[in-house]
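Visitor: I am new to this structure and would like to go through it step by step. Please show it to me before we start.

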Amino acid sequence: MSSISAGTRLPAWSKIIVFITLSTILGSIATIGYVSLEVKRMAELAPNPKYVASLAKKIVELPEPLPEGFEYQVGMDMNFLRLVSLINRKAMQQYTIYDFPGSTNQKARKFTEDAYAYGMNTPSVVGKFTELIKEGSWQLLGKEMPYMLGKIKTPEGQNRQGLVACSINAKGHAFLFYAVQVNDQKFDMEPSMELIKSIKSF
């Protein structure tokens, strides 16, 4: 794996995630005073489970109903970026899928490394990876899906564990997958693997 330094220049999609994080759309979706009617509409739809399920279908095809223990949490479609978050209350984990329009020539492993270098970005946990615990690869519908699991430090000083993974289909379309333990327990990869294996198409 190629090394990633602190000064690595991030790709365009990372800048989008920076914008989302800085504007705190994900963290305080119910309290932000929106000026734009379109953004207000997205904010109203975002926590609606039916809307989130319909949006998820535009990214990946998940089974109906979802695997036991999983439920939709929040979703947003901003044309240049779609995202859907799910939770598993029993596992105390949150999963966020970012969908990027168009195609990319970048390899899934490089995409994953760049995301790991930037850090964790979910509605519940935002922070930097401080230590790599494990890395490997899953198979998603015949395509490689590299993942990197690590320890995370939040700006508030909390310690978490989570992973980032990426898959790119035959058309060059990429989606980014984050999974994070929302408490301070050790991250269990089984729920993530179960969710990924349940994807029928993307």
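Visitor: Leaving aside its neighbours within four places in sequence, which residues is Thr 96 in contact with?

Guide: This is a predicted model, where local features need pLDDT of at least 70, side-chain atom pairs count only at pLDDT 80 or more, and totals for chains, interfaces and linings use all residues. Residues are numbered from 1 along each chain as its sequence is written, and side-chain values use heavy atoms, with hydrogens and water left out. Contact means heavy atoms within 4.5 Å. With neighbours within four places in sequence set aside, the partners of Thr 96 are Val 84, Ser 85, Thr 122, Pro 123, Leu 176, Phe 177 and Tyr 178.

Visitor: With which side chain does the side chain of Thr 96 make a polar contact?

Guide: A polar contact is a pair of N or O atoms within 3.5 Å; within protein, one must be able to donate a hydrogen and the other to accept it, and residues adjacent in sequence count only if both atoms are side-chain atoms. At 2.7 Å, the partner of the Thr 96 side chain is the side chain of Ser 85.

Visitor: Is Thr 96 buried or exposed?

Guide: Buried means under 20% relative accessible area, exposed over 50%, and partly exposed in between (1.4 Å probe, protein chains only). Because its relative accessibility is 0%, Thr 96 counts as buried.

Visitor: In which strand is Thr 96?

Guide: Helices (H or I, at least four residues) and strands (E, at least two) are DSSP runs, numbered from the N terminus. The run that holds Thr 96 covers residues 93–99 and is strand 3.

Visitor: What is the phi of Met 92?

Guide: Met 92 sits in the loop between strand 2 (82–88) and strand 3. Most residues other than glycine have a negative phi. Met 92 is not a glycine, yet its phi is positive, at about 55°.

Visitor: How does Leu 141 count by relative accessibility, and what is the value?

Guide: Leu 141 belongs to the loop between strand 5 (126–140) and strand 6 (143–153). Leu 141 also has a positive phi without being a glycine. Leu 141 counts as partly exposed because its relative accessibility is 47%.

Visitor: Which residues does a cis peptide bond join?

Guide: Most peptide bonds are trans. The cis bond has an omega of about 0°, and Pro 65 lies in the loop between helix 3 (49–57) and strand 1 (70–77). The residues joined are Glu 64 and Pro 65.

Visitor: How many helices and strands are in the chain?

Guide: From the N terminus on, the order is α-α-α-β-β-β-α-β-β-β-β-β-α. The chain has five helices and eight strands.
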